[in-house]
Amino acid sequence: MSSKPDATRPRAADTKKVHIADTQMTRQNWYKHVNWLNVTFIIGVPISGCIQALFVPLQLKTAIWAVIYYFFTGLGITAGYHRLWAHCSYSATLPMRIWLALVGGGAVEGSIRWWARDHRAHHRYTDTDKDPYSVRKGLLYSHLGWMVMKQNPKRIGRTDITDLNEDPVVVWQHRNYIKVVITMGLIVPMLVAGLGWGDWYGGFVYAGILRIFFVQQATFCVNSLAHWLGDQPFDDRNSPRDHIITALVTLGEGYHNFHHEFPSDYRNAIEWHQYDPTKWTIWTCKQLGLAYDLKQFRSNEIEKGRVQQLQKKIDQKRAKLDWGTPLDQLPVMEWDDYVEQAKNGRGLISIAGVVHDVTDFIKDHPGGKAMIKSGLGKDATAMFNGGVYYHSNGAHNLLSTMRVGVIRGGGEVEIWKRAQKENSEYVRDETGQRIIRAGQQVTKMPEPIPTADAA
Ligand SMILES: [Zn+2]
Ligand SMILES: [Zn+2]
């Protein structure tokens, strides 16, 4: 295999020069920052197509053919470039690889080798400066900007593409890329419409130029929309998101949060009702004997990711709530001091060795003022836990927000603290916040305590 110079790698003479992308854009040099070749292909050609469309009536057959060819070439990118070559999420027989390399070339998005290398860098360095289309640089940048403005190739993260260099189909397509583009992008769509029903010019304009424009814009949405719109059910530390709209636009590449978590899964959508025609195509090709070794993560692994993300969301919600001052941060009170203060009119009530200031709550007590007042200055543990009324979980939660101190040697608290220590540590979330589950408040006794006269 002869080593052709890699077009994306700077030549030796260039390495010392400052790349234009690393210089400030000014009124004098802005045009040097623009990648005019890409501008021509991505913006100029579609505009010329729109102008020509004004003079070429659209025939129904040509319209249907353009849509069919849109799916062929789009799937060349999603099933071929993306899921087969960039991620190796399945294996394909030689005829299928040739087919995907051809129709993928007809989408005019660069060679497989170039595309897959950038895409691997995108996965490896998502959202960083080494991500070739980082959404952190703006939605428009991730959609188009990264192609229409010159990039310093040295900035893009390095990835291993030795497997691609060993695939003769990939190498052949890379070497003959311009021929593939012209043939598959323009000549084939024109030939079908011309030989089929005599609409040569319509085939060129609609199934060729304008179809290329739509396929390009649709697949560019994977880099922009899929990192901007939707939910993050598996991980929210990076930008990829799941959304049905993105899926509809991108032939099923819209479950992008899942995809970044499980990139070598041949699926993007894991639910049967989600739209993923790329997955359906690969599966159908498997039934036809064209594709094999379809990779799939176990649902156990997928659910673990989902549960962890849910847990994170719960932790964030929990952290925003007032759970009362932690016991170890409360001042220690002598029992006599507690009784004394209660006698002097402070609404203090001790439950399970924790002192609560209920002064402002007495008038709001659902069980009446008299009931709560009868516990002031006393050990109300039993009263609160079934002796008088077996208080609800909500009541224990509310009570905890009124904590002001702990009684020295206050039986229950000490026992509880020791028990917690013996169980190694408190249950904490990932930010170190203690988790207090329903019924596990320090004031809660495991069983209702009956009153003496009820017995
Ligand atoms: Zn992505
Ligand atoms: Zn990917």
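Of the 455 residues of the protein chain, 37% are buried (20 or more other C-beta atoms within 10 Å of a residue's own; exposed means 12 or fewer, partly exposed in between; C-beta atoms are placed from the backbone). The model is predicted: local features need pLDDT of at least 70, side-chain atom pairs count only at pLDDT 80 or more, and totals for chains, interfaces and linings use all residues. Residues are numbered from 1 along each chain as its sequence is written, and chains are lettered from A and ligands numbered from 1 in the order in which they are written.

The protein chain has 19 helices and 6 strands (DSSP runs numbered from the N terminus; helices are H or I with at least four residues, strands E with at least two). Its radius of gyration is 34 Å, well over the 23 Å from the globule rule for 455 residues, so the chain is more spread out than a compact globule. The radius is taken over C-alpha atoms, and the rule is 2.2 Å times the number of residues to the power 0.38. The C-alpha trace spans about 100 × 55 × 45 Å along its principal axes. Among contacts with a separation of 6 or more, 69% join residues 24 or more positions apart (contact: C-beta atoms, placed from the backbone, within 7 Å).

Helix α9 (residues 177-197) and helix α10 (residues 200-223) cross at roughly 140°, and their axes come within 7 Å. Axes are lines fitted to C-alpha atoms, for helices over the stretch in contact; angles run from 0 to 180 degrees between N-to-C directions. The two helices are therefore oblique to each other (under 35 degrees is roughly parallel, over 145 roughly antiparallel, 65 to 115 roughly perpendicular, the rest oblique). On the α9 side, the contact includes Gly185, Leu186 and Pro189; on the α10 side, Trp200, Gly202 and Phe204 are among the residues met. By class, this contact has 9 nonpolar, 5 polar and 1 charged residues (nonpolar: Ala, Val, Leu, Ile, Met, Phe, Trp, Tyr, Cys and Pro; charged: Asp, Glu, Lys and Arg; polar: the others, Gly among them).

Helix α3 (residues 60-86) packs on helix α5 (residues 112-124) at about 60°, with axes 10 Å apart. That angle makes α3 oblique to α5. Tyr81, His82, Trp85 and Ala86 of α3 meet Ile112, Trp115, Ala116, His119 and Arg120 of α5. These residues divide into 6 nonpolar, 2 polar and 1 charged.

Phe234 lies in the loop between α10 and α11 (244-249). Phe234 counts as buried because it has 20 C-beta neighbours inside 10 Å. Beyond four places in sequence, Phe234 contacts Asn257, Phe258, Glu261, Gly305, Arg306 and Gln309. The C-alpha atoms of Phe234 and Glu303 are 8.8 Å apart, across 69 residues of chain.

Key
Two residues are in contact if their C-beta atoms, placed from the backbone, lie within 7 Å.
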